Amino acid sequence: MPQPETSSAPPPGQPLSETYLQISPNILEIFPRFRPPVDIYLHDEALGRVGLLHGAGRRLGAEAQARVAGLAAEGRLFLLREDYHVYARHLSRKLGLVLVEDGLNPCEVAEIFSLALRDKVARFLDQPRREELDRLRGDIAILAEYLWADPCRVAVLTRALHRDHDPAVHAVNTLFIGIGLFVMLTSSAPAGAGGSGGAERTALSAMALGLALHDLGMTSVPRFITDKERYLLRRDRESIERHIEAGLRMIERLKVRDPVVRQCLEEHHERLDGSGYPRGLRGEAISLPGRLCAVADTFAAMIGSRPHRGAGSPDEAVATLVHESRRYDRRLTGLLAALLDSGVPGCAMPRTGR
Ligand SMILES: [Fe+2]
Ligand SMILES: [Fe+2]
C-alpha cells in the first residue's frame, strides 16, 4: 500500500464534505475490489489533512484491499466529489444505496436516479418483457420510497433533465416532471407523516410507471417515421397516432392492470378542447393522470432535441403551456411554472451545486 502521494487541507472555512464524499463500506462495495475506478483519499484527523492513498485504476493487492476495507469501516476514506460521474454510474447499479447513504447530496441522487431509470427504460423498450418491466418497477419503488420520505425532494429531479433525442431520456424527463406535479398536487396530505405510507407509495409508483411508459407503443412505429425531419404525410401521422393502441396492447399482454398506468398511455395526447387523439375527449372526460401526463410529456418533448431542431428552452416551453390553457390543465401548468421557478411551496430550493 503506497503512502499518500499528495496531501491537502480543505480550503479554510469549507467543510470536508463539500469537496469529498466519505467512502462507506457500502460505497466501497460498488467498485471493483482489485481496481477501484476513483482516487481514494485518506483523512488524517490529527493533521486535518487529506492525502491520496490510491490512484484511480491502479491494482490493489489482497493485503491492501483488507486495509482499505478497514479504513472505510473507520470512516477515514474519501473520494473527490469531482469524480461524481464515475461513482454515480456505479451507484446507479445498486440504487437502493441512495436510501441509506446520507453523504450524497440531492443533485447527485437525482442524477443517479436518472442514470438508473434511463438504463431500465431503455432495456425495457428494447425488450418489452416481464423481467425488464420488473427491474424498472424495482427502481421506481426506490424512487417512490425516496420521495415519500421527503416530498420536497421532487424539486431536485428537475435539475437532472437531459436534452438528448432518445426515447429513454424522454421517458425519464416526463417521469421526473410528472412526478413533481403529482407530489405538488397531493402534498396537502404530506407523505411521510403518520401511518406506514403504503398507499401513498403505491400511488406514487403507479403514477411514475405510467409516466415512464406513456410512449411504450412508439416502439412499434418505424424509426424512419419518428425521426422524419418535417413534412409528415397523413399516413405517417396515422402511424404515429397508432402508438396509443399499440402501447395499450403491450401493457395488456404484460398484465399491467393499474388504471393510472392505463390512463397515462391512453390519454396523454388528449387535449381539453377536444383537439387531441385518439378519442378527442374534452375537459373532465380526460382523467387527472391523463391530463398530468399530457403536460409532462409535452414539456419533455419541447425541451428535448429533435433531428430537425435543437432543444427548446424550459422557460419558453412553460410559457407556451401556460398560454395554451384551452388545451392544457391550467392548474397543472401553473404548478409546473412554480416547480421550475421556485420549487415546491413550503420547501427550500434545492442547492444546484455538487
Ligand atoms: Fe405519445
Ligand atoms: Fe411522449
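Author: Two cysteine sulfur atoms within 2.5 Å of each other count as a disulfide. This is a predicted model, in which local features need pLDDT of at least 70, side-chain atom pairs count only at pLDDT 80 or more, and totals for chains, interfaces and linings use all residues. Residues are numbered from 1 along each chain as its sequence is written, chains are lettered from A and ligands numbered from 1 in the order written, and side-chain values use heavy atoms, without hydrogens and water.

Reader: What makes C264 and C293 buried?

Author: Buried means under 20% relative accessible area, exposed over 50%, and partly exposed in between (1.4 Å probe, protein chains only). C264 has 0% relative accessibility, so it counts as buried; C293 is also at 0% and counts as buried.

Reader: Which cysteines does a disulfide join?

Author: C152 and C347, with an S to S distance of 1.9 Å. The count by this rule is one disulfide. The link of C152 and C347 is left-handed, with -75° about the S-S bond. C152 lies in the loop between helix 6 (130-149) and helix 7 (154-157), and C347 in the segment after helix 16 (330-342), so the pair ties together parts 195 residues apart in sequence. Helices here are DSSP runs (H or I, at least four residues), numbered from the N terminus.

Reader: Why does C152 count as partly exposed?

Author: C152 stands at 28% relative accessibility, so it counts as partly exposed. C347, at 17%, counts as buried.

Reader: How do you know which residues are the protein donors of the iron ion (ligand 1)?

Author: Donors are N, O and S atoms within 2.8 Å of the metal (3.2 Å for Na, K and Ca); water is not among the atoms, so sites may look incomplete. D215 (OD), H243 (NE2), H268 (NE2) and H269 (NE2) lie 2.1 to 2.3 Å from the iron ion (ligand 1). D215 coordinates both this ion and the iron ion (ligand 2), and the two ions are 4.0 Å apart.

Reader: Why is the site of the iron ion (ligand 1) called irregular?

Author: The angles among its four donor atoms run from 90 to 173°. Four donors are tetrahedral if all angles lie between 85 and 135 degrees; four are square planar and six octahedral if opposite donors are over 155 degrees apart and all others between 65 and 115; anything else is irregular. The site of the iron ion (ligand 1) is irregular by this rule.

Definitions and conventions:
Helices (H or I, at least four residues) and strands (E, at least two) are DSSP runs, numbered from the N terminus.
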